[in-house]
Amino acid sequence: MKQRVRALRRILKVRNTQKRLKERALMRAGSHYAFLESNAQRIRNLRAETHESEVVLTAGLFAAKMELSDRLMEASRVVEVSVQAAMQILAAAERQNSAAQAIHEGTEKLLKSKVSILRKMENRQADVSSNILYNIENYRKKESCDDW
């Protein structure tokens, strides 16, 4: 039984390490998603700024403004695809983190249960040993009383 408890403790350490790795992966995925979302917002803001003023001084300035707008639109599409991919990675990381946490908690409960059973067995063994010694002592006293 003690070997099982030791084995469960080792397993719990492994599960704890797995849980921490999944938590770190979740944090990295969340920060990456936030970074991409921030970039997408910045691109949307820049694009909105290029369309704010409709007054164009020269044809060259108008052409440059249109080219910038087209490039920002393309960048926006690329970033949106990246944001969607990051969102999927974040969702997968959340699922893996939840699964790792559930496995860790299950292993922890099992270990606590086994430790509790082991303690009860040890206490019972101590009680049995104590009772045996008590009974032996009483038997000896009885024999000595019978000898009189």
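1. Arg71 and Glu67 are four residues apart in helix H2, a separation of about one helical turn. Helices here are DSSP runs (H or I, at least four residues; strands are E, at least two), numbered from the N terminus. The two side chains form a salt bridge, with the closest N and O atoms 2.8 Å apart. A salt bridge is taken as a side-chain nitrogen of Lys or Arg within 4 Å of a carboxyl oxygen of Asp or Glu. Arg71 counts as exposed, at 57% relative accessibility, whereas Glu67 is partly exposed at 41%. Buried means under 20% relative accessible area, exposed over 50% and partly exposed in between (1.4 Å probe, protein chains only).

2. The model is predicted: local features need pLDDT of at least 70, side-chain atom pairs count only at pLDDT 80 or more, and totals for chains, interfaces and linings use all residues. Residues are numbered from 1 along each chain as its sequence is written, and side-chain values use heavy atoms, with hydrogens and water left out.

3. The structure holds four salt bridges. Another of them joins Glu74 to Arg77, whose closest N and O atoms are 3.0 Å apart.

4. Glu37 and Arg44 meet through their side chains in a salt bridge of 3.3 Å, N to O. Both residues belong to a network of salt bridges that also includes Glu80. Glu37 is partly exposed, with a relative accessible area of 27%, and Arg44 is partly exposed at 32%.

5. Which residues make up the largest nonpolar core? It has seven: Leu36, Ala40, Ile43, Leu72, Val79, Val83 and Ala86. H1 and H2 are the elements that give two or more residues to this core. H2 gives the most, with four residues. A nonpolar core is a set of buried Ala, Val, Leu, Ile, Met, Phe, Trp, Tyr and Cys residues joined through side-chain atoms within 4.5 Å.

6. Arg6, Arg9, Arg10, Lys13 and Arg119 form a positive surface patch. Helix H1 (residues 2–52) is the main contributor, giving four residues to the patch. Arg119 lies in helix H2 (residues 59–146) and is exposed, with a relative accessible area of 53%. Patch members have over 30% relative accessible area and no salt bridge; like charges are joined within 9 Å, and nonpolar side chains (Val, Leu, Ile, Met, Phe, Trp, Tyr) within 5 Å. Lys and Arg count as positive and Asp and Glu as negative, with His and the chain ends not counted; each charge is placed at NZ of Lys, CZ of Arg, CG of Asp or CD of Glu.

7. Met1, Ile117 and Met121 make a nonpolar surface patch of about 240 Å². The area comes from the Shrake-Rupley method with a 1.4 Å probe; for residues, only the protein chains shown count as cover. Met121 is placed in helix H2 and is partly exposed, with a relative accessible area of 46%. Met1 lies in the segment before H1 and is likewise partly exposed, at 32%.

8. A further point concerns the start of the chain. Met1 and Leu118 are 117 residues apart in sequence, yet their C-alpha atoms are 6.9 Å apart in space.
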